[in-house]
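The following note sets out, point by point, how the elements of this structure are arranged. It is meant to be read alongside the sequence and the model.

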Amino acid sequence: MPTIKIEGTGEQFEQTESQDCILRAGLTAGYGLAYECNSGGCGTCKFQLIEGEIEEPWPTAPALSARDIKKGRKLACQCKAKTDLVIKMRTDPEYAPINLPARFEATLSSRRDVTSDIVEFCFQAPDSSDAKFLPGQYAMLTFPDGRGPRAYSMSNLPNGDGVWEFWIRRKPGGEVSGALFDELRVGGRIVVDGPYGHAYLRAESERDILCIAGGSGISPMLSIARGVLMDPDMEGRQVHFYFGGRTPEDLCGLDELKALPGFDRRVHYRPAISMPEYASDWTGDTGFIHEIVENQLGNELSRFECYLAGPPPMVQATTKMLQLQGNVPTGQIHYDPFY
Ligand code: FES
């Protein structure tokens, strides 16, 4: 069982499970190793190997530039220790997991079409063990035959019944989403590893909530909205919920929001479409969702706790708008970049 030491911090942990990457080994030991996507795309988990040998199955992961490769930088979410290691890596208590990630095989208990390309998958953990996560977080899903992992955000709330619910969009050419849509039937099994992510609901904040979702980003935003409306301590908070789709057929989530207590008083649902040429009878907002948010809330954006999820270009454009036009401090903007 290799031991991994982080140079200059006095922190060390063991890679107790053979399939673990260095990042997971550190997080399950409770350490705040810096990370975001857990998928080789963002580069937040870069480290320098000082001593020891690693296994690096994906040496050309997108987060590694030619300069990184030349300098010998590696990704903790993609590498495993083969021997004891000494590494140099950023750690911060803000990355330390509130709920330690757990890995278990779950059974698909139901699936339901939400739109033509989004399906709700409900997985049941063994022995109904608690589903411990925070609204807005994600888990890594892997098929028992090894396909995956792929990061997907939960759409439900933490619960004592062992239910992990995901709204997943079919990604064209996506191996895991294709297999979920085409092969997985009720009773089928998947390996769940989670929770991960930092874009979780800050229940302690007194600010109103702004949720901005595009496409399958609806899943964590639904979890955030549910978290606000189901928490008696958040009774005073309003939820402004913006959801952008290409056409009206992409829009979803309103029925689930309407089912929440206090919806009429506290939720302001604002759907918009970006391709009105395909929807002649649409009378609602049209355009990119970040532009619509700016037009409608521009002067007051800095009073919100902002949560975003969706395709990377939408998240990048929205983050830039919130910071530059909205003067929203970085600490009030929460998202997990997936690639
Ligand atoms: Fe490892 Fe994003 S590249 S966390």
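A residue is called buried when its relative accessible area is under 20%, exposed when that area is over 50%, and partly exposed in between. The structure is a predicted model, and the points below should be read with that in mind.

1. Helix 3. With the cut-off above, six of the eight residues of helix 3 are buried, so this helix is largely enclosed by the rest of the structure. The buried residues are Val 176, Ser 177, Gly 178, Ala 179, Leu 180 and Phe 181. Their cover includes strand 8 (102–113), strand 9, strand 10, strand 11, strand 12 and strand 13 (189–196).

2. Asp 182. This residue also belongs to helix 3, which spans residues 175–182.

3. Six strands form an open sheet in the order 11-10-13-8-9-12, with antiparallel pairing. Strand 11 (150–153) and strand 12 are the edge strands, each pairing on one side only. On average, neighbouring strands of this sheet are turned by 40 degrees against each other, direction ignored.

4. Strand 10 and strand 11 pair in the antiparallel sense over four bridges, and Met 140 stands opposite Ala 151 in strand 11. Phe 121 has Phe 166 in strand 12 as its bridge partner. Strand 12 is mostly covered, with five of its seven residues buried.

5. Helix 4 and Ser 219. Helix 4 lies across strand 9, strand 11 and strand 12, and runs at about 140 degrees to strand 12. Ser 219 lies in this helix, which covers residues 218–229. With a relative accessible area of 1%, Ser 219 is buried. Not counting residues up to four places away in sequence, Ser 219 touches Ser 153, Met 154, Ser 155, Phe 166 and Trp 167. One of these contacts, Phe 166, is the bridge partner of Phe 121.

6. Domains and annotation. The domain assignment divides the chain into domain 1 (3–95), domain 2 (102–196) and domain 3 (208–334). The C-alpha centres of domain 1 and domain 3 lie 34 Å apart. An unreviewed UniProt entry places the feature "domain: FAD-binding FR-type" at residues 101–202. In the model, this span is 8% helix and 42% strand, and its end C-alpha atoms lie 19 Å apart.

7. The largest nonpolar core. In soluble globular proteins, nonpolar side chains tend to be buried together. Which residues touch the most other members of the 30-residue core here? They are Ile 22, Leu 23, Tyr 35, Phe 47 and Ile 87. Strand 1 (3–6), helix 1 (22–28), strand 7 (85–89) and strand 10 (138–142) are the elements that give two or more residues to this core. Helix 1 supplies the largest share, four residues. The core draws at least three residues from each of domain 1 and domain 2.

8. Ile 22 and the second core. Leaving aside neighbours within four places in sequence, the contacts of Ile 22 include Ile 4, Phe 13, Leu 33, Phe 47, Ile 54, Leu 85 and Ile 87. Ile 22 is also in contact with Gln 15 and Lys 80, among others. A second, separate core has 28 residues, among them Ile 209, Ala 213, Val 267 and Tyr 269.

9. Another open sheet of six strands has the order 17-16-15-14-18-19, with parallel pairing. Its edge strands are strand 17 (285–286) and strand 19 (333–334), each of which pairs on one side only. Strand 16 (residues 267–273) pairs with strand 17 in the parallel sense over two bridges, and Asp 285 in strand 17 is the bridge partner of Ala 272.

10. Helix 7. Helix 7 (residues 289–297) lies across strand 14 (208–214), strand 15 (239–245), strand 16, strand 17 and strand 18 (304–309). Relative to strand 15, helix 7 runs at about 145 degrees.

Note on methods:
Residues are numbered from 1 along each chain as its sequence is written. This is a predicted model: local features need pLDDT of at least 70, side-chain atom pairs count only at pLDDT 80 or more; totals for chains, interfaces and linings use all residues. Side-chain values use heavy atoms; hydrogens and water are left out. Buried means under 20% relative accessible area, exposed over 50%, partly exposed in between (1.4 Å probe, protein chains only). Contact means heavy atoms within 4.5 Å. A nonpolar core is a set of buried Ala, Val, Leu, Ile, Met, Phe, Trp, Tyr and Cys residues joined through side-chain atoms within 4.5 Å. Domain bounds come from an automatic or database domain assignment. Two strands pair if DSSP finds at least two bridges between them. Axes are lines fitted to C-alpha atoms, for helices over the stretch in contact, and angles run from 0 to 180 degrees between N-to-C directions. UniProt positions are given in the numbering used here, feature names are shortened, and annotations may be inferred rather than shown by experiment.
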